[in-house]
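Biologist: I would like to learn how to read a structure with two chains. Could you take me through it feature by feature?

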Amino acid sequence: MNYEKIRIIPKLEIKNQYLIKGVRYEGLRKVGDPIEIAKKYFKQGADQINITDIVASLYSRENLYEIIDKITNQVFIPVCVGGGVKTIEHIRKLLKSGADRVIINSEALRNSKFIDEVCHTFGAQFLSISIEAKKIGTEYYCMMDHGRENSNKKVVDWLKELKNYQVGEVIINSIDNDGMEEGFDLELAKIAKSANLKCPKVMSGGAGSSIHIYQLLKHIHFEGISLAASLHFNKIKIDELKNYLLTKKINVNTYD
Amino acid sequence: MIKIGIINLKINNIKSIENASKIFGETYLINSLEDYKKNTDVLILPGNGNFSQGMKIIKKNGYDKLIFDFIKKNRKLIGICLGLQLLMENSEEASNVRGLSLIKGSVKKLNEKNLKVPLLGWYDVDFKNDIETKSFYFNNGFIVEPIEKDIIRGKINDKIPAYLVKGNIHGFQFHPEKSSHHGVKLLGETISK
């Protein structure tokens, strides 16, 4: 039996000061004000909020600190932040704005020593590794820079490598299913499961309904489910999703 | 009004605990020893991170002496997550580093068949006293093992210590300040009672 409650995690992708959403990381459209939307998801019963700065330029970074500051003033659940995180100094600034944990993708692939550096400074529980997977031919590859560049590393190999590090969590994003709202990439989910990670793992990309989430969790256990388009475009409400999952005996947390 | 000082180890998010604490009293941050105000009623040692880093910062800033003196005056100390672990004698995370040793016992690597490492997320905590069982947010790869078992007032699954009370020392392994409204409420009750 799993004592851990499966976390429902809204994923907020931010470009400058806007919450945006694309399809397969492209065709980005504005959704609204990330602060108001974060507050809404907190009220609906989210267990955590993940924020990604998809531009990760110097200018957008300053905006991001302010957004995190405003969100964490009103949202009393963990807030994790990623997007272009490359230095310890940058992480300290995120912490100062109120971020609880950090999410890293590209820099971990480029310079795996950074993983150790982050874990040593802030503790292993602090770091979530994000994998942005894209299927090319018959293999899944780890993409970098918000899907713009291929690291040429296979997801299956990277997962194996990550077992040598004490990371806090691994988030598996399917670029191919992102924003499609047609369900999760079950083949990718199976690859993640087969890696037998010691740390929690989160599945992301593709959910369009509560049933999609149940269909995934019925077969493959994840400690967290990340949702974006389905929440932003009102296909799923977190409280209703959790009530539904409870009727299916999926262990989720409900709030008063 | 209750005066609350929060020791800032600068290795974790300090803002959330500050925001939560502000609801219940006059709250200020201790960024160096000089910041400490004499008539402080409650001292909070928060933290999330590495045991040896935490102790290094405590020693370097002289916070150890501040904490010892504070406890001697019979005032309330609240340790949160790493802040709780630092109150123990030692930790498997840093074999040659001595903790503050205010609570007898050690910090062990989490090794439970049914649990992922680190604990990351929400777990039900059952309390010994009249606090209602609810889910709280955990983010730790290590857990405390106090020698005196009766100071453990809350556990996950009847096994993993989540809340300790020893005299005026309260220790949360979870993050009440990040555990939604009921977590913030529990922090407030602990500050005020």
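Predicted model: local features only at pLDDT ≥ 70, side-chain atom pairs only at ≥ 80, totals over all residues.

Biologist: Let us begin with overall form. What radius of gyration does chain A have, and what would a compact globule have?

Modeller: The idea is to set the value beside a rule for globules. For 256 residues the rule gives a radius of gyration near 18 Å, and chain A has 17 Å, so the two agree. The C-alpha trace of chain A spans about 45 × 40 × 35 Å along its principal axes.

Biologist: Now a strand in chain A, please. Which faces of β12(A) are covered?

Modeller: In a regular strand the side chains alternate between the two faces of the sheet. Strand β12 (residues 224-227) of chain A is covered on both: Gly224(A) and Ser226(A) are buried on one side, Ile225(A) and Leu227(A) on the other.

Biologist: Which strands pair with it?

Modeller: Strand β1 (residues 7-15) of chain A runs parallel to β12(A), joined by four bridges, with Arg7(A) opposite Gly224(A). Strand β11 (residues 201-204) of chain A also pairs with β12(A) in the parallel sense, over three bridges. There Val202(A) has Gly224(A) as its bridge partner. Between β11(A) and β12(A) the chain passes through helix α8 (residues 210-219) of chain A, in a right-handed β-α-β crossover.

Biologist: How do I read the sheets of chain B?

Modeller: One open sheet has nine strands in the order β2-β1-β3-β4-β13-β12-β11-β8-β9 (chain B), with mixed pairing. At its edges are β2 (26-30) and β9 (134-140) of chain B; each has a single partner strand, so one side of each lacks a neighbour in the sheet. From one strand to the next, the twist averages 25°. Helix α3 (residues 63-72) of chain B packs on this sheet, touching β1 (3-7), β3 (42-45) and β4 of chain B, and its direction makes about 135° with that of β4(B).

Biologist: What order do the strands of the four-stranded sheet have?

Modeller: That open sheet is ordered β6-β5-β7-β10 (chain B), again with mixed pairing. Its edge strands are β6 (94-98) and β10 (142-146) of chain B. Strand β5 (residues 90-91) of chain B pairs with β6(B) in the antiparallel sense over two bridges, and Asn90(B) stands opposite Arg98(B).

Biologist: Back in chain A, at what angle do α2(A) and α3(A) cross?

Modeller: The axes of helix α2 (residues 58-72) and helix α3 (residues 88-97) of chain A cross at roughly 35° and come within 8 Å. Tyr65(A), Ile68(A) and Asp69(A) of α2(A) make the contact with Lys93(A), Leu94(A) and Ser97(A) of α3(A).

Biologist: Is Ala99(A) buried or exposed?

Modeller: Ala99(A) lies in the loop between α3 and β6 (101-104) of chain A. It has 27 other C-beta atoms within 10 Å, so Ala99(A) counts as buried. Beyond its neighbours within four places in sequence, its contacts include Ile68(A), Val79(A), Leu94(A) and, from the other chain, Asn13(B).

Biologist: Finally, how many residues does each chain bring to the contact?

Modeller: Chain A brings 32 residues and chain B 34. On the side of chain A, helix α5 (residues 113-122) gives the most, with three residues. By class, that side has 13 nonpolar, 10 polar and nine charged residues.

Definitions and conventions
Residues numbered from 1 in each chain as written. Chains lettered and ligands numbered in written order. Contact = placed C-beta atoms within 7 Å. Nonpolar A, V, L, I, M, F, W, Y, C, P; charged D, E, K, R; others polar. Buried ≥ 20, exposed ≤ 12 C-beta atoms within 10 Å, placed from the backbone. Pairing = 2+ DSSP bridges. Right-handed = clockwise from strand over helix to strand, strands pointing away. Rg over C-alpha atoms; globule rule 2.2 N^0.38 Å. Axes fitted to C-alpha atoms, helices over the stretch in contact; angles between N-to-C directions.
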